[in-house]
Amino acid sequence: MIKLVQTLLSSISVGSLYALIALGYTMVYGTLKFINFAHASIFMLGAWFSAIIAAALLANGVTGIPAIVLSILIVMVICTTLGFVIERLAYRPLRDAPRLNVLITAIGVALLIENVAALNDVKIPGTQTTIHGFGTQPGKMPELLANADLFSIPLGSGTVVVDKVDALILGLSICLMIVLEFIIYNTRLGAAMRAASHDARTAALMGIPVDRTISITFIIGTSLAAAAGFLYVMKYPSINPPVAVTWGLLGLKAFVAAVVGGIGNVRGAVVGGLLIGILEQAGAAYLSPHFRDVYVFALLIFVLLVRPTGIFGSTAVEKV
Amino acid sequence: MVALLRGFYPYAIAILIAFVMYKVMPVGAEKIDLGILQINSFFTKVTGAIGIAIIMAVSLNIVNGYTGQFSLGHAGFMAIGAYTSAWITHYGSIHFFGNANAMEGLFTKGSALFVASLLAAGLVSALFGYLVGLPSLRLRGDYLAIVTLGFGEILRALLNQTQPVLDEFDIEEATRGEIFTGLGGALGFSGVPKYSNLFWVWSVAIITVIICYRLKQSIHGKAFLSIRENEIAAEAMGVPTTHYKVAAFAIAAFFAGVGGALFAHTLGNIVSPNEMNYQRSIDFVIMVVLGGMGSISGSVIAAVALTILPESLREFSEYRMIVYAILLIVFMIVRPDGIFGIREFWEVKWIRRLFRRTPKETHAP
């Protein structure tokens, strides 16, 4: 019983992380119709920048809640700027290109980000400048929250421990999701986003600045990935090097969440993320921890074969 | 499809070239002095790697280039081939010859076992290719990419959980299940006999290129290309698109499996599941994309160039992937079809112009 509740708790916190990343995938897919492979790299950058910024803040005497708020804001701003640059330079020239080309470009952008981030104190030949990347060694997130247990609930013969970090993840994810929900369904911008994702050409004819709307959608997705990166390193303080396969895998699992929920559907992404979190954590706890990835990808293949549009997706008619 | 294998001379020439390469390239401490260039066994190693890269890139071109599907699981098929053949030769050698590496060298009994294992690797891999190709009936483009990627990762996770490899002493008291799952786990399959060499690698590589080129020229190749250009129109014209999409996957997987088998036996000793992750698949995709989607000679040239480049630029190894990434992005924006596009090297206009004989101008008196 305790194991069940504990598993459920951890799956909800992991699931909301997946949901945050999945939101970015699903929003980009909704408007641009391609898998943004670079999303996982942004998530990775968010994680690494969080560690650096948190360390800098702690060194300057900022601790506790202000440190968390400040570092998450700074990380989101950095990654958002980067997302804007990526969208402008790599994706915008390909607006009318075949989807496969955009997909390959996205892979290229992901590789570029990962490998630039992995540079470690490299001297540029002929100049005095050196590039300080994150290197190829694992990093460490300093502890922003001392004394990690928030509270424990007695249950039967034992106690269920609720982590502060888990609470933070859940709280912050819910806040971000509510903000996103508000933006998408209650503002003019959101209406423009929905219109552009529904039919970009008609939206343009109706006077919606489609290019700008797509950029903003992309940027919002990126900032969510950055926030997820921060929360991820709060939960798992030892950070993998930028080129590690783990980042790509995490991103893929989040994409699976988006597909399971119905790609292009914001609420679906949240449900899909939670579902993936539960599946992964329950599988690891009750079956075998070695096959975490297998459960998720098996679910993906199952969903794609049985209901390719996902739980909330609507069927799209293939147009000639 | 049998027509693709027709003819004797192309294959004889392929095998001859491979044999010459095997004889010429130095092994061990041998060296060839060319004055400016000293060719040692390192060159032999790189030549072998090039051969395998050619097999992988050219076969991936069938799926990604001709048929316009997008597979990111090519390294997965490579892994299946590598493990199947390594399993066969390792346990087969123990069974038949009593020792895992008793029969190394060209044209020994071990070679016969090796060739059998190559075929088996190709067939098992093709079977998996068929299974992975099935979702392509319902999925398009990027969804398919994710499924193939997921396939590769599932495979890797499963291979990581296999049992240790058994040697000739352990095998006495092992059960059948233990022998079947004795694939080495996360440490990799160790003790693969080194049956492969330049002869096998380049024979297979050249034969792969011949078959893939013929495939492109054949009626089946036209069917593949029609699916790539417009699937709905192809279906309307009576092309059985499902059949061809699955076939493309199976054929590509066959060659990838054979390539993986050669890879396992060249390297000898170890095939690790973590070496066959999706970044390796992306390496092959880069070759296909840069060389030209649908261009066999383009893939060959890209495979050669992208294998030599990192070896010759060791000191810039940190920048290698950065350069690849920028190349990918720039190519997709500026030249989306790759260097040669769908054309072959000799069909490109500016190259033809170099070799065209200009008719002598006759001056009027």
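## Cysteines and buried positions

Cys212(B) has a relative accessibility of 0% and counts as buried, where buried means under 20% relative accessible area, exposed over 50%, and partly exposed in between (1.4 Å probe, protein chains only). The model is predicted, so local features need pLDDT of at least 70 and side-chain atom pairs count only at pLDDT 80 or more, whereas totals for chains, interfaces and linings use all residues. Residues are numbered from 1 along each chain as its sequence is written, chains are lettered from A and ligands numbered from 1 in the order in which they are written, and side-chain values use heavy atoms, with hydrogens and water left out.

Over all chains there are zero disulfides, a disulfide being a pair of cysteine sulfur atoms within 2.5 Å. Cys79(A) is in no disulfide, and the nearest cysteine sulfur, that of Cys175(A), is 20 Å away. Cys79(A) is buried, at a relative accessible area of 1%.

Ser125(B) belongs to helix H4 (residues 109–133) of chain B; helices here are DSSP runs (H or I, at least four residues), numbered from the N terminus. Ser125(B) is buried at 0% relative accessibility. Leaving aside residues up to four places away in sequence, Ser125(B) touches Phe77(B), Ile80(B), Ala253(B), Phe254(B) and Gly257(B), contact meaning heavy atoms within 4.5 Å.

Met332(B), in helix H13 (residues 317–334) of chain B, is buried with a relative accessible area of 1%. With residues up to four places away in sequence again not counted, its contacts are Leu94(A), Asn101(A), Ile104(A), Thr105(A) and Val289(B). Met332(B) and Leu290(B) are 42 residues apart in sequence, and their C-alpha atoms are 9.0 Å apart.

## Helix H2 and the surface of chain A

Helix H2 (residues 38–59) of chain A has 22 residues and spans 31 Å from first to last C-alpha, close to the expected 32 Å, which is 1.5 Å times one less than the number of residues. Of the 22 residues of H2(A), 16 are buried, so the helix is largely enclosed by the rest of the structure. Gly61(A), with a positive phi near 85°, follows H2(A). In the loop between H1 and H2 of chain A, Lys33(A) has a positive phi of about 60° although it is not a glycine.

Leu8(A), Ile12(A), Leu170(A), Ile174(A), Ile178(A) and Ile278(A) make a nonpolar surface patch of about 470 Å². Patch residues have over 30% relative accessible area and no salt bridge, and nonpolar side chains (Val, Leu, Ile, Met, Phe, Trp, Tyr) are joined within 5 Å. H5(A) gives the most to the nonpolar patch, with three residues. Leu8(A) is in helix H1 of chain A and is partly exposed at 43% relative accessibility.

## Salt bridges

The structure holds 12 salt bridges over all chains, each a side-chain nitrogen of Lys or Arg within 4 Å of a carboxyl oxygen of Asp or Glu.

| Glu280(A) | Arg292(A) | 4.0 Å |

Glu153(B) and Arg156(B) are separated by about one helical turn because they lie three residues apart in helix H5 (residues 141–160) of chain B. Glu153(B) is buried at 2% relative accessibility, and Arg156(B) is buried at 11%. Glu280(A) is buried at 3%, whereas Arg292(A) is partly exposed at 32%. Glu229(B) is exposed at 56%, while Arg228(B) is partly exposed at 24%.

Key. Helices (H or I, at least four residues) and strands (E, at least two) are DSSP runs, numbered from the N terminus. Patches are made of residues with over 30% relative accessible area and no salt bridge: like charges are joined within 9 Å, nonpolar side chains (Val, Leu, Ile, Met, Phe, Trp, Tyr) within 5 Å. Accessible areas come from the Shrake-Rupley method with a 1.4 Å probe; for residues, only the protein chains shown count as cover.
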